Amino acid sequence: MTEISWTQKLANGLKRTSSRLTDNLGGLLGSDRLDKATLDDVEDALIASDLGPATAGRIRDRLTDARFDRGVDEKAVRAVMADEIARVLRPVAKPLRIDAFPRPQVILVIGVNGSGKTTTIAKLAHLFLEQDYGVMLAAGDTFRAAAIGQLRVWAERLGVPIVTGPEGGDAAGVVFDAVKQATATGIDVLIVDTAGRLQNKRELMDELAKVRRVLGRLNPAAPHDVVLVLDATTGQNALSQIEIFRQVAGVTGLVMTKLDGSARGGVLVAAAEKFGLPIHAVGVGETIDDLRPFDADELARAIAGVTS
C-alpha cells in the first residue's frame, strides 16, 4: 500500500468532522475576522467531533485573534485548526521501539472485547516483521476459545510462532511458557494477548497482576509495554476505557483502530490532552498493513480537512 492511499483512507475516514466544519465556515468570505456566532459554531463542531473542550477552546482563541488580510478563507481557517491540533498530538506521537535487552521485548496488548484487539496484535506483528524483528505471539486471553483460535490463525498466516493454552487455563502459565520459548529461540518481540472482560474489574486486575508477577520473575523489566487498543467509533467512551485500564493494567501507550468508517477521530486529541499517553499507531482498515506508526501532523490535517 502506498503512502498516498494510506493518507487518503485516513482523510476519508475523518471526513465527517471535515464536513461539519465546512458547514460552519460557509458564507464568510469577504470578512477579515470570524464573528462570534461563527466562532461559537466552530467550537461546538470541534467539541461534537470529540476533540474535547480544552483543545476546542484553544482553537477558538487562535481563530479569534487571527486576522485574514484577504478575507476569511476556509483553507486558512483549517490550517490554524490543524496547527493547533498538531501541537497537542506531537508530544505523544511515539512509535513502539524494540530496544529491550535482554530480549525478548514483552508487549501486553489490552482492550475491551470487540475493540479489534486480536486483529491489532496481528497487525503489530506484521509491522515488526517488516522491520526484520523476530516475533512470537502468546494467546493470553484464555477466557475465550475464539480469541485463541483467531490468534492461532493469524500466527499461521504471518508465519510466526505462537504459544497457547487450553480455554479457561492459566494465562500467566501461557505467558511464562512464551517468555521461556522466546528467550531460548532468540525472539525479539513477544506480543501477548490478554483478556478484555471489564464486567469484573477485580478478576481482570488479579489476572493481569499475576501475569506481571510471572514476567517479573523472568525479567524484572517486563512487560516493557502495555498497549491499550481503542475503537475510534466509540467516541468519548474511549476516554472512559483509558481511565479504567490505566487503573487495572498500567497502560503505557495507545493504538487506535477503525478510523476508516464513521469515526470522528477527535477523541485521540482529547486523550492526548487529558492523559498524555504515547500514541503508537492508528489503523484505517481491515487489511494486515492498515496499521501504521502514528503521525501527529497527518492526523491533524485529516481532522481539520486540510487537503494539501
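Tutor: Buried means under 20% relative accessible area. Keep that cut-off in mind. The model here is a predicted one. In helix 5, the buried residues include V77, V80, M81, I85 and L89. R78 and E84 are also among the buried residues of helix 5.

Student: How far does helix 5 reach from its first C-alpha to its last?

Tutor: Helix 5 covers residues 74–89, which is 16 residues. The reach is 22 Å, close to the 22 Å expected at 1.5 Å a residue.

Student: Now the sheet. In what order do the strands stand?

Tutor: Strands of a sheet pair through backbone hydrogen bonds, either parallel or antiparallel. Here 8 strands make an open sheet, ordered 3-2-4-1-5-6-7-8, with mixed pairing. Strand 3 (162–163) and strand 8 (291–293) are at the edges. Each has a single partner strand, so one side of each lacks a neighbour in the sheet.

Student: What packs on the sheet?

Tutor: Helix 6 (residues 117–130) does. Among the strands it touches are strand 1, strand 4 and strand 8. The direction of helix 6 makes about 175 degrees with that of strand 4. Helix 7 (residues 145–158) lies across strand 2, strand 3 and strand 4. Its angle to strand 2 is about 165 degrees.

Student: Which strands are joined to strand 1 by bridges?

Tutor: Strand 4 (residues 189–193) is joined to strand 1 by 5 bridges, and the two run parallel. There, Q105 has V189 as its bridge partner. Strand 5 (residues 225–231) is joined to strand 1 by 4 bridges, also running parallel. I110 stands opposite L228 of strand 5.

Student: Are the faces of strand 1 covered or uncovered?

Tutor: In a regular strand the side chains alternate between the two faces of the sheet. In strand 1, Q105, I107 and V109 are on one side, and V106, L108 and I110 are on the other. Both faces are covered, and these residues are all buried. That is 6 of 6 residues in strand 1 (residues 105–110).

Student: How many aromatic pairs are there?

Tutor: The count is 1 aromatic pair. F128 and Y133 form it, edge-to-face, at 6.5 Å centre to centre with 80 degrees between the planes. Planes over 60 degrees apart count as edge-to-face. F128 counts as buried because its relative accessibility is 1%. Y133 is partly exposed, at 23%.

Student: What sits over the ring of W154?

Tutor: The charged end of R157 does, 4.9 Å from the ring centre.

How values were computed. Residues are numbered from 1 along each chain as its sequence is written. This is a predicted model: local features need pLDDT of at least 70, side-chain atom pairs count only at pLDDT 80 or more; totals for chains, interfaces and linings use all residues. Side-chain values use heavy atoms; hydrogens and water are left out. Buried means under 20% relative accessible area, exposed over 50%, partly exposed in between (1.4 Å probe, protein chains only). Two strands pair if DSSP finds at least two bridges between them. The expected span of a helix is 1.5 Å times one less than its number of residues. Contact means heavy atoms within 4.5 Å. Axes are lines fitted to C-alpha atoms, for helices over the stretch in contact, and angles run from 0 to 180 degrees between N-to-C directions. Rings of Phe, Tyr and Trp (its six-membered ring) pair if their centres lie within 6.5 Å; planes under 30 degrees apart count as stacked, over 60 as edge-to-face and the rest as tilted. A charge sits over a ring if NZ of Lys or CZ of Arg is within 6 Å of the ring centre and within 35 degrees of the ring normal.
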